Amino acid sequence: MNKAFAARIRRLRIDSGLSQVDIQAATGIDRTYLSRMENKGIPSAWDKMCALADLFGVTLDYLRHGQAVPSLEDGGEIIKDADERSLIRMWRAMNEGERLALRAVAERLADKADPSSAA
């Protein structure tokens with residue numbers, strides 16, 4: 001990643017009044033790994049990135065690129081299911097090729113689930 005990513009992680013933690021030990025307790029991310037993320041911008045696995053995004057109430061886009069995206073609640077539809085919010089965050093972090101591949105898999109699964117769609 002880069003220094004901007006490292007600075008965002010550190011700033012979010014400090015602004016939240018949390019120590020690295022607090023983050024470890026809340027997310028399971030090892031304190032030394034978090035320190036490397038904050039100091040060197042070492043990238044994280046998706047589960048760790050999602051845990052941090054959920055903890056700080058920000059999107060993966062913000063963590064990765066520093067870009068704010070509209071809140072899930074701004075559009076009038078409130079998504080309360082944590083799994084659904086996590087999927088939306090991951091979708092927003094994907095490039096177009098990844099989105100196309102995921103859409104194709106989802107369509108195949110939907111076709112299997114709906115027997116009336118079978119030809």
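At 36% relative accessibility, R11 falls in the partly exposed class. Its salt-bridge partner is D15, with the closest N and O atoms 3.3 Å apart. D15, at 57% relative accessibility, counts as exposed. Both residues belong to helix α1, which spans residues 3-15, and they sit 4 residues apart, or about one turn of the helix. The model examined here is predicted, and this pair is a handy place to start reading it.

A salt bridge is also formed by the side chains of R13 and E38, where the N to O distance is 2.5 Å. R13 lies in helix α1 and E38 in helix α3 (residues 31-40), so this pair ties together parts that are 25 residues apart in sequence. R13 is buried, with a relative accessible area of 13%. E38 is buried as well, its relative accessible area being 2%; both values count as buried because the cut-off for that class is under 20%. In general, side chains of opposite charge can pair when their charged atoms come close. The count for the model comes to 2 salt bridges.

E38 turns up again in the packing of helices. The axes of helix α2 (residues 20-27) and α3 come within 9 Å of each other and cross at roughly 115°, and the crossing of α2 past α3 is right-handed. On the α2 side, the contact is made by Q20, V21, I23 and Q24, while α3 supplies R31, L34, S35 and E38. By residue type, this contact divides into 3 nonpolar, 3 polar and 2 charged residues.

Stepping back to the whole chain, the secondary structure comes to 7 helices and 0 strands, and the elements run α-α-α-α-α-α-α from the N terminus on. Of the 119 residues in the protein chain, 27% are buried. Among contacts with a separation of 6 or more, 54% are between residues 24 or more positions apart.

The chain averages a pLDDT of 79, and 81% of the residues score at least 70. Confidence is highest in α2, at a mean of 89, and lowest in helix α5 (residues 60-65), at 80. Where pLDDT is low, the predicted coordinates should not be read in detail.

Terms used: Residues numbered from 1 in each chain as written. Heavy atoms only, no water. Salt bridge = Lys/Arg side-chain N within 4 Å of Asp/Glu carboxyl O. Helix = DSSP H or I, 4+ residues; strand = E, 2+ residues; numbered from the N terminus. Buried < 20%, exposed > 50% of the residue type's maximum accessible area, 1.4 Å probe, protein only. Axes fitted to C-alpha atoms, helices over the stretch in contact; angles between N-to-C directions. Left-handed = near helix turned anticlockwise from the far one by under 90°. Contact = heavy atoms within 4.5 Å. Nonpolar A, V, L, I, M, F, W, Y, C, P; charged D, E, K, R; others polar. pLDDT = per-residue confidence, 0-100.
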